[in-house]
Amino acid sequence: QPSSDGFNTFLISRFAGEHVRVVLSGLGGDEVFQGYRVFKDLLNVKRFDAVASPRMKNLCATAIEKIPGLSSVAYRTGYSLLRHGSRTGTALYQAYRELDSSVAARRVLHFDIRSKMVHHDVAVWAKLNAIFGTELDTLNAFSKAELAFYVPGILARDTDAASMAATIEVRVPFLDVRFVERVVSLPSGYKCWRGQKTNKPLLVEAFKDVLPADVTAGQKKGFEMPVGFWLKSDFKDQLQRLKDCDWLDQQEIVELCDALHENPREYRKVWSLLVLAEWIE
């Protein structure tokens, strides 16, 4: 099973394996306690929904897509989800996670390949529609969707593989079933609100007598490797081989590689295709 994520987990597992055999992980904390940036963005979108029509939202989406620099402004101000126009519910989550495989196929796969593809998305959409059809709290619906797909399909799977490669056992207390069911059932207003002083405030409040102040007052930090810069400087041969893959649309790949050289932080599509190419080989 190819994965373009989890490299950071592999490195930290290998480091931990030099000292211990069992470790605790905070995996699931952001999904359960709504610590990701997307949850704050959803609050802004809900606020915008109160005054904006679908037409206005679609105009915003077009502007964010076509006006240089506006996308980064929308991201910095917490309105980046407006790039998805008037989508709501399942459609908004689908756009946010780029789950539409037909769109991805049209953009990167060779015509002969994509014309023969059969889509097996029915089960995915049925699950998402069930979540967003029964959970009226938008933030909680996103939380449940992340726990249904992103956690088991990527985070937990990659953690399992990376830790086994390092011969350690990773335990994930935040994914205890009873614990998850309890916290996810709480209204999102208990977990995320505008102007909150800390990330995951409900969790911080629960452990304020245990955690040191520099943790409870600290800002959320990403755990990302400089993969794009590595690709640009050290993976020239692999990128060239990617351009020669007969199952990819060469024009699209050339454009993706050119964009990578201009902005190495936008590396995920190229990296994902490199991993897929290695897996196929």
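**Exercise 1. Lysine 57 and its surroundings**

Leaving aside its neighbours within four places in sequence, which residues is lysine 57 in contact with? Also place lysine 57 in a helix and decide whether it counts as buried or exposed.

*Solution.* Bear in mind that this is a predicted model.

- Step 1: find the element. Lysine 57 sits in helix H4, residues 54–66.
- Step 2: list the contacts. With neighbours within four places in sequence left out, lysine 57 touches Val45, Phe48, Asp49, Ala52, Leu82, Gly85, Ser86 and Arg87.
- Step 3: classify it. The relative accessibility of lysine 57 is 4%, and the cut-off for buried is under 20%, so lysine 57 counts as buried.

**Exercise 2. How H6 meets H10**

Work out how helix H6 and helix H10 pack, starting from the angle and the distance between their axes.

*Solution.* 

- Step 1: get the geometry. H6 (residues 89–96) packs on H10 (residues 138–165) at about 50 degrees, and the axes are 11 Å apart.
- Step 2: name the arrangement. An angle like that makes H6 oblique to H10.
- Step 3: The crossing of H6 past H10 is right-handed.
- Step 4: pick out the residues. H6 brings Leu92, Tyr93 and Tyr96 to the contact, while H10 brings Phe142, Ala145 and Glu146.
- Step 5: sort them by class. You end up with five nonpolar residues, no polar ones and one charged one.

**Exercise 3. Two aromatic pairs**

The structure holds 12 aromatic pairs. Take two of them and say how the rings are arranged.

*Solution.* A pair of aromatic rings is described by the distance of the centres and the angle of the planes.

- Step 1: tyrosine 96 and phenylalanine 142 have ring centres 5.9 Å apart and planes at 50 degrees, so call this pair tilted.
- Step 2: check the sequence separation. Tyrosine 96 is in H6 and phenylalanine 142 in H10, 46 residues apart, so the pair links distant parts of the chain.
- Step 3: phenylalanine 142 has 1% relative accessibility and counts as buried.
- Step 4: phenylalanine 235 and tryptophan 271 make an edge-to-face pair, with 6.5 Å between centres and 80 degrees between planes.
- Step 5: this pair also joins distant parts of the chain: phenylalanine 235 lies in the loop between H14 (227–234) and H15 (236–243), and tryptophan 271 lies in H17 (residues 268–280), 36 residues apart.
- Step 6: phenylalanine 235 is partly exposed, at 24% relative accessible area.
- Step 7: look for a cluster. Tyr93, Tyr96, Phe132 and Phe142 form one.

**Exercise 4. Glutamine 250**

Is glutamine 250 buried or partly exposed, and what does it contact beyond four places in sequence?

*Solution.* 

- Step 1: glutamine 250 belongs to helix H16, residues 250–262.
- Step 2: at 29% relative accessibility, glutamine 250 counts as partly exposed.
- Step 3: leaving aside neighbours within four places, glutamine 250 contacts Leu242, Lys243, Asp244 and Cys245.

Note on methods
Residues are numbered from 1 along each chain as its sequence is written. This is a predicted model: local features need pLDDT of at least 70, side-chain atom pairs count only at pLDDT 80 or more; totals for chains, interfaces and linings use all residues. Side-chain values use heavy atoms; hydrogens and water are left out. Axes are lines fitted to C-alpha atoms, for helices over the stretch in contact, and angles run from 0 to 180 degrees between N-to-C directions. Helices (H or I, at least four residues) and strands (E, at least two) are DSSP runs, numbered from the N terminus. Angles under 35 degrees count as roughly parallel, over 145 as roughly antiparallel, 65 to 115 as roughly perpendicular and the rest as oblique. A crossing is left-handed if the near helix is turned anticlockwise from the far one by less than a right angle, and right-handed if clockwise. Contact means heavy atoms within 4.5 Å. Ala, Val, Leu, Ile, Met, Phe, Trp, Tyr, Cys and Pro count as nonpolar, Asp, Glu, Lys and Arg as charged, and the others, Gly among them, as polar. Rings of Phe, Tyr and Trp (its six-membered ring) pair if their centres lie within 6.5 Å; planes under 30 degrees apart count as stacked, over 60 as edge-to-face and the rest as tilted. Buried means under 20% relative accessible area, exposed over 50%, partly exposed in between (1.4 Å probe, protein chains only).
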